[in-house]
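Me: Got a model open here and I'd like to talk it through with you. Can you take my questions as they come?

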Amino acid sequence: MSIVTRIAFQKEAVISALKVSFIVGIILNLINQADILFSLQFLRLNAFKVLLTFLVPYLVTIYSTTKTKLAFKIGEIAAISAKLHCEKCNETHTHVHKDDKIPVCPKCMENTNWKVQKIKELNLMN
Ligand SMILES: [Zn+2]
């Protein structure tokens, strides 16, 4: 399973995305199919549209969560534990633990560009 997939299926990411999807999906369905919902003619609802209005916010949330967790910007707090390598100099490696402050590469300083090499201890759905 790829790093991105492993993060996308983390229990906390999935639960968070389901909550956003539930709330945003209801609001978007009220906006997009208000005439049908308020006239209580539920058989006229477009099931495909209903599904998409829940699916899109779910996918956007998962995408945004995954992207944020893989960013590893210097000075920020690590969202997950990982082994990183500096893509700028391609020489330095470091380990960060979840909730650690992300360090600079000693060679590149403020130009550090960390990339994930390996992820540790993910709490997966199954
Ligand atoms: Zn470097």
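Me: What span should helix H4 have at 1.5 Å a residue, and how far apart are its end C-alpha atoms?
Reply: H4 covers residues 47-69, and its 23 residues should span 33 Å at 1.5 Å a residue; the end C-alpha atoms are 33 Å apart, so the two agree. The expected span is 1.5 Å times one less than the number of residues. Helices here are DSSP runs of H or I with at least four residues, strands are E runs of at least two, and both are numbered from the N terminus.

Me: Before I go on, what kind of model is this, and how are residues numbered?
Reply: It's a predicted model, where local features need pLDDT of at least 70, side-chain atom pairs count only at pLDDT 80 or more, and totals for chains, interfaces and linings use all residues. Residues are numbered from 1 along each chain as its sequence is written.

Me: Which residues of H4 are buried?
Reply: Thr53, Pro57, Ile62, Thr65, Thr66 and Lys69. Buried means 20 or more other C-beta atoms within 10 Å of the residue's own, exposed means 12 or fewer, and partly exposed is in between, with C-beta atoms placed from the backbone.

Me: And what do those pack against?
Reply: Helix H1 (3-8) and helix H2 (11-32).

Me: How does H2 do on the length check?
Reply: H2 has 22 residues and reaches 30 Å from its first C-alpha to its last, close to the 32 Å expected at 1.5 Å a residue. Its buried residues are Ala13, Ala17, Ser21 and Gly25, and they pack against H1 and H4.

Me: Let's pick Ser21. Why does it count as buried?
Reply: Because Ser21 has 21 C-beta neighbours inside 10 Å. Leaving aside neighbours within four places in sequence, Ser21 is in contact with Phe54, Pro57, Tyr58 and Thr61. Contact means that the C-beta atoms, placed from the backbone, lie within 7 Å.

Me: What about Thr5, buried or exposed?
Reply: Thr5 sits in helix H1 and is exposed, with 10 other C-beta atoms within 10 Å. From Thr5 to Gly25 it's 20 residues in sequence and 23 Å in space, C-alpha to C-alpha.

Me: Switching topic: what are the domains?
Reply: The assignment gives domain 1 (3-69) and domain 2 (82-119). Those bounds come from an automatic or database domain assignment. Taken over C-alpha atoms, the domain centres are 34 Å apart.

Me: What order do the sheet strands come in?
Reply: The order is E2-E1-E3, an open sheet of three strands with antiparallel pairing. Strand E2 (93-96) and strand E3 (114-119) are the edges, each pairing on one side only. The twist averages 30° from one strand to the next. For that angle, axes are lines fitted to C-alpha atoms (for helices, over the stretch in contact), and angles run from 0 to 180 degrees between N-to-C directions.

Me: How many bridges join E1 to E3, and how many join E1 to E2?
Reply: Five bridges join E1 (residues 82-86) to E3, and four join E1 to E2. Two strands pair if DSSP finds at least two bridges between them.

Me: Which residues stand opposite His85?
Reply: Lys115 in E3, and His93 in E2.

Me: Now the largest nonpolar core. Which residues make it up?
Reply: There are 10 residues in all: Phe72, Ala78, Ala79, Ile80, Ala82, Leu84, Cys86, Val96, Cys105 and Trp114. E1 gives the most to this core, with three residues. A nonpolar core is a set of buried Ala, Val, Leu, Ile, Met, Phe, Trp, Tyr and Cys residues joined through C-beta atoms within 7 Å.

Me: What does Leu84 touch?
Reply: Not counting residues up to four places away in sequence, Leu84 touches Phe72, His93, Thr94, Val96, Trp114, Lys115, Val116 and Gln117.

Me: Phe72 again! Where does it lie, and what's its phi?
Reply: Phe72 lies in the loop between H4 and E1, with a positive phi of about 45° although it is not a glycine. Phe72 counts as buried because it has 21 C-beta neighbours inside 10 Å.

Me: And Leu40, buried or exposed?
Reply: Exposed, with 8 C-beta neighbours inside 10 Å. Leu40 is in the loop between helix H3 (34-38) and H4, and its phi is positive too, near 60°.

How values were computed
Contact = placed C-beta atoms within 7 Å.
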